[in-house]
Amino acid sequence: MASITESVGKLPLRLRNFFARYPPQVYSALVAPRPTAPEGEASAEQNLPSPYTADRDAKGAHKEDREAFSFSRALLHNDPSNQNPFLPRKIFTTGKWIGPRYGLRQQADLVKLAIKYNVEPLLPPSTKSTEYKQARLAERGLRIKGTGIGQKVKGHKWERTMEARLEDRRKAMTEMPEMIRLWKQRGHGRGWRQWPKR
Amino acid sequence: MAKKAKSRTIAVRLISMAMTGYYRTMIRPRLHRPLSMLKYDPVVKKKVLFLEATKGGKAK
């Protein structure tokens with residue numbers, strides 16, 4: 001971390017201003033506690049929705065469990081004494097929400113700038129951070145049917161049965177000379193017994 | 001009223017034994033034995049055996 005903090009002087013003004021306002025020693029993702037999954041509780045990634053739901057909004061479709069532990073959600077640490085400027089907060093006395101100090105667009109700008117100058121870990125936890133995005137991707141898959149772990153694309157019926165059909169055809173073609181020989185031997189069909197069913 | 005007489009010939013389906021699903025339709029006399037012949041199957045691009053498919057029941 002020392003090498004990162006030394007390079008702070010070379011940063012662009014926008015990042016320096018940010019770090020002056022929100023010193024990494026207090027706010028950064030590095031000092032935020034690492035989330036750990038509670039024992040014996042199913043995490044959100046284990047109950048992934050089945051890839052075969054007809055429609056995500058269909059009645060009875062699997063909904064994401066908001067109560068289950070999620071590593072990506074736990075990453076967004078918000079210390080009440082030092083408010084994370086990238087996260088909204090709730091005032092419990094009034095029940096109202098206050099938006100983040102930096103909007104999502106500004107957050108994205110800052111994160112991109114920080115990535116460029118190799119100081120991303122010094123920013124507070126954000127939904128725009130690489131770590132959050134990776135954790136979320138791992139949890140949810142690509143949100144395209146069949147791309148998650150243990151899922152597969154259903155495909156058309158002709159695609160699913162293609163292999164078996166080609167195998168049948170290959171087998172039939174290897175037996176074809178013998179079949180023709182037999183057919184010729186039995187009077188070109190006169191003594192043939194096994195006629196195919198339609 | 002008397003039933004309508006059955007036609008003398010019937011249309012039959014000859015199925016490729018290469019299991020490609022390709023078939024030919026032919027007409028044969030009703031009382032003739034089932035048809036079978038070597039014909040070209042464009043799916044496997046070869047001459048293969050075609051056999052008449054029985055419609056439910058067994059062939060004579």
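Trainee: What is the secondary structure of chain A?
Mentor: Chain A comes to seven helices and two strands. Keep in mind that this is a predicted model. Along the sequence, chain A reads α-α-α-α-β-β-α-α-α.

Trainee: And which elements does chain B have?
Mentor: Four strands and zero helices, so to be counted there a strand takes a DSSP run of at least two residues. From the N terminus on, chain B runs β-β-β-β.

Trainee: What makes strand 3 and strand 4 of chain B a pair?
Mentor: The cut-off for pairing is at least two bridges. Strand 3 (residues 36–41) and strand 4 (residues 46–52) of chain B are joined by six bridges, so they pair by that rule, and they run antiparallel. One example is Lys39(B), whose bridge partner in strand 4 of chain B is Val48(B). These two strands form a hairpin with four residues between them, and Lys45(B) in the turn has a positive phi of about 60°.

Trainee: How many bridges join strand 1 of chain B to strand 4 of chain B?
Mentor: Three, between strand 1 (residues 9–16) and strand 4 of chain B, and the two run antiparallel. With at least two needed, they count as paired too. Here Leu14(B) stands opposite Glu52(B) in strand 4 of chain B.

Trainee: What is the strand order of the sheet, and which strands are at the edges?
Mentor: The order is 2-1-4-3 in chain B, an open sheet of four strands with antiparallel pairing. Strand 2 (23–29) and strand 3 of chain B are called edge strands because each pairs on one side only. From one strand to the next, the twist averages 40°.

Trainee: How do you know that helix 5 of chain A has the span a helix should have?
Mentor: Take 1.5 Å times one less than the number of residues. For the 13 residues of helix 5 (residues 104–116) of chain A that should give 18 Å, and the end C-alpha atoms are 18 Å apart, so the two agree.

Trainee: Which residues of helix 5 of chain A are buried?
Mentor: Gln107(A), Leu110(A), Val111(A) and Ala114(A). To be called buried, each needs 20 or more other C-beta atoms within 10 Å of its own.

Trainee: How much of each chain counts as buried?
Mentor: Buried residues make up 14% of the 198 residues in chain A. For the 60 residues of chain B the figure is 23%.

Trainee: How many residues of chain A are in contact with chain B?
Mentor: 16 residues of chain A are in contact with 19 residues of chain B, contact being C-beta atoms within 7 Å. The chain A side has nine nonpolar, two polar and five charged residues. Helix 7 (residues 157–185) of chain A lies across strand 3 and strand 4 of chain B, at about 55° to strand 4 of chain B.

Conventions. Residues are numbered from 1 along each chain as its sequence is written. Chains are lettered from A and ligands numbered from 1 in the order in which they are written. This is a predicted model: local features need pLDDT of at least 70, side-chain atom pairs count only at pLDDT 80 or more; totals for chains, interfaces and linings use all residues. Two residues are in contact if their C-beta atoms, placed from the backbone, lie within 7 Å. Ala, Val, Leu, Ile, Met, Phe, Trp, Tyr, Cys and Pro count as nonpolar, Asp, Glu, Lys and Arg as charged, and the others, Gly among them, as polar. A residue is buried if 20 or more other C-beta atoms lie within 10 Å of its own, exposed if 12 or fewer, and partly exposed in between; C-beta atoms are placed from the backbone. Axes are lines fitted to C-alpha atoms, for helices over the stretch in contact, and angles run from 0 to 180 degrees between N-to-C directions.
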